Structure formats: structure tokens, C-alpha cells
Amino acid sequence: MFSVPFVIALSLSILLIAIVFVADRAMSAAGVEDAVDALFEPLKGTGPDIMRVSLGAFLLCLWLLGGILLTPELKTESQAVSWFQLLLAICTLWWRTVFIAGFGIVALYSLAVAQYGGFHLMDYPLFLGIAAYLIIHSLRLARLQPYALSILYAAMAQTLLWASVEKWAYASWTLPLLAQHERITLGINHHIYVMLAGFVEFVAAFLLLFGMLSQRLVAAMLLGIFVAAIIDFGKVDAVGHLMIIASLGVAVIEGNTLVNRAVQSGIRSYRIGGLEQAATYVGVLLLFFLMYYGAHGLAYGSLA
């Protein structure tokens with residue numbers, strides 16, 4: 001995996017993170033970030049309703065398709081699960097009952113862990129973040145509401161960061177899809193394409209947590225990628241990715257979180273800040289490598 005192209009891509013991604021930090025600070029100082037934020041001001045506060053309606057539609061789709069726990073690859077033969085999903089979809093119709101749907105998602109996630117194992121479900125912590133986000137708003141937990149968006153972003157970033165490392169560890173899982181959809185590779189060698197896609201996803205997920213204006217920009221970029229993928233991969237892919245599409249839409253609208261602003265406000269020097277951001281990026285990369293390979297070793301043994 002640690003080939004020459006991988007090391008080159010890694011080095012360029014570290015440099016990119018430092019450059020993006022400086023650009024973020026410059027645009028913030030020039031008032032660009034405030035101007036962009038003002039464009040979305042009329043939509044601010046719609047995030048909870050977007051997530052509520054999206055979850056209802058998602059659960060209804062799962063009920064109609066049948067045999068799915070949370071995503072199309074998580075199969076179940078239980079008919080009770082489908083009817084449970086319909087019940088949860090009904091609960092999203094009113095804010096007073098949305099928390100039931102949130103706890104229901106946790107129950108479905110737990111059932112998937114029991115059936116497929118904890119390691120496999122590390123691909124999908126977004127569902128837990130969505131559940132927490134909606135439970136907080138439904139129960140009007142005042143102390144937690146300022147952090148609900150940060151929880152959603154963290155769960156979304158965790159999902160994407162984990163998926164990035166998985167692309168590097170198991171490129172063979174993605175290669176058959178590229179063979180079927182050659183058009184999206186733009187003529188790039190398939191192995192190189194998967195490796196670069198992993199870096200694009202990792203950098204974007206990192207900036208969802210640590211970016212300023214770039215946070216909103218990468219959310220818009222990822223949103224475009226996931227929506228465009230529906231054209232190639234069809235309706236089932238649309239259902240499978242509906243909740244991350246909704247989460248990214250909320251990120252575009254809402255922009256920075258309170259936690260993100262607090263982190264950024266503590267960094268004052270452009271030069272030191274750029275180095276700190278690059279070092280943080282490397283640290284997160286190493287952390288997820290250790291988490292992925294460590295968890296895989298505990299669950300299944302070392303990678304072949």
C-alpha cells in the first residue's frame with residue numbers, strides 16, 4: 001500500500017491542508033466567509049427539519065424495499081424489522097415523537113452489530129450521529145443543543161475517514177465497480193484512482209472538522225459527488241446514501257459549528273497555524289490507520 005504514488009499523494013495532501021488553512025484565514029479576514037454565511041442565513045435553522053424529513057423518507061424506502069437493516073449491504077430476513085422501520089418512519093412526522101425514531105436507529109444499528117460485527121459497522125457511525133442529533137432536538141435538551149451539529153459533523157467525518165482507509169486497505173473491493181463504470185475513472189489507472197479517491201475523501205472529511213470556509217466548500221463538493229453517483233449507480237445507491245446526502249446538505253447550509261469556531265479562534269499565527277493544521281492532519285491519519293488495522297486485527301486477524 002505504501003507505494004511511491006501513495007507517498008507522493010500523502011505529501012501533497014499534507015501541503016494542501018497547510019495551504020487551505022492559510023486560505024481559510026485570509027478569506028475570513030477579508031470577510032468572504034461572513035459574506036457566504038450571509039447567503040445561507042435565510043436557511044439557517046432548517047437543519048433539524050431536513051434531517052427529520054430525510055430520515056422519514058429513508059425509513060419508508062427501507063420498508064418498501066424490505067430485507068435491509070440500515071444500508072443495502074446490511075441484509076436481514078426478519079419481516080419484523082421492516083414493520084419496525086415503518087413505525088419509526090411514522091414517528092418522524094411529529095417532533096414530539098422523533099426521539100423514538102432516533103432510539104430506533106440505535107436499535108437497528110445494534111442489531112446490525114450483533115449480526116455483522118462491530119468492525120463492519122464502523123463504516124456507519126453516521127447513523128448514530130443522526131440519531132443523537134435528532135434526539136437532542138426532539139427532547140429539547142437545551143444543554144446539548146449547541147453541540148448537536150458538532151456531533152453530526154463528527155459522525156459524518158468518522159464515517160468518511162474510516163471509508164478512506166478502507167479504500168487503501170481493500171482497494172480490491174472498489175476495483176470491480178470501476179470496471180463496470182469506466183467513465184468515472186477519466187482514464188486513470190484504477191489502482192491509482194482508488195488511492196487518490198481515498199485521499200480526496202480523507203482530506204474533505206478532515207476539513208469538515210477543522211476547516212473554516214473550506215468546511216462548507218468540501219461539504220458542497222462531497223454533496224455533488226454523492227448526488228452525481230446516483231446517475232451511475234441507480235436508485236438503490238440513492239437510498240443507501242440518502243442520509244449522508246442530507247447531512248452534507250445541512251453542513252452546506254449551517255457551515256461552522258461552535259466547537260469548530262472555538263478551535264479556530266485559538267490559532268492566531270498563519271505560519272504556526274498552517275504547521276499545526278498539517279501536523280493535526282498527519283496525527284488523524286495515523287490514528288485512523290491504527291484504529292482500522294488494530295480493530296481489524298482484533299476482529300479477524302491481520303490483513304492478507
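Arg-216 is buried, with a relative accessible area of 6%, where buried denotes under 20% relative accessible area, exposed over 50% and partly exposed the range in between (1.4 Å probe, protein chains only). The model is predicted, so local features need pLDDT of at least 70 and side-chain atom pairs count only at pLDDT 80 or more, whereas totals for chains, interfaces and linings use all residues. Residues are numbered from 1 along each chain as its sequence is written, and side-chain values use heavy atoms, with hydrogens and water left out.

Arg-216 forms a salt bridge with Asp-37, and the closest N and O atoms of the pair are 3.1 Å apart. Asp-37 lies in helix α2 (residues 32-39) and Arg-216 in helix α11 (residues 213-240), so this pair ties together parts that are 179 residues apart in sequence. A salt bridge is here a side-chain nitrogen of Lys or Arg within 4 Å of a carboxyl oxygen of Asp or Glu. In contrast to the buried Arg-216, Asp-37 is partly exposed, with a relative accessible area of 22%. Lys-44 joins Asp-37 and Arg-216 in a network of salt bridges.

The structure holds four salt bridges. Side chains of opposite charge can pair when their charged atoms come close. One of the bridges links Lys-167 with Glu-201, with 2.7 Å between the closest N and O atoms. Lys-167 belongs to helix α8 (residues 145-169) and Glu-201 to helix α10 (residues 190-210), so the pair ties together parts that are 34 residues apart in sequence. Lys-167 counts as partly exposed at 22% relative accessibility, and Glu-201 counts as buried at 10%. Another bridge is formed by Arg-52 and Asp-49, whose closest N and O atoms are 3.3 Å apart. These two residues are three residues apart in helix α3 (residues 47-65) and are thus separated by about one helical turn. Arg-52 is buried, with a relative accessible area of 15%, while Asp-49 is partly exposed at 34%.

The protein has 14 helices and zero strands; helices (H or I, at least four residues) and strands (E, at least two) are DSSP runs, numbered from the N terminus. The radius of gyration of the protein is 20 Å, close to the 19 Å that the globule rule gives for 304 residues, so the protein is as compact as a globular protein of that length. This radius is taken over C-alpha atoms, and the globule rule is 2.2 Å times the number of residues to the power 0.38. Along the principal axes, the C-alpha atoms fill a box of roughly 55 × 45 × 35 Å. Buried residues make up 45% of the 304 residues. Of the contacts (heavy atoms within 4.5 Å) with a separation of 6 or more, 75% are accounted for by residues 24 or more positions apart.

Ile-68 is placed in the loop between α3 and α4 (79-91) and is buried, with a relative accessible area of 5%. Not counting residues up to four places away in sequence, Ile-68 touches Leu-62, Leu-74, Thr-76, Val-81 and Gln-85. Ile-68 and Ala-29 are 39 residues apart in sequence, and their C-alpha atoms are 48 Å apart in space.
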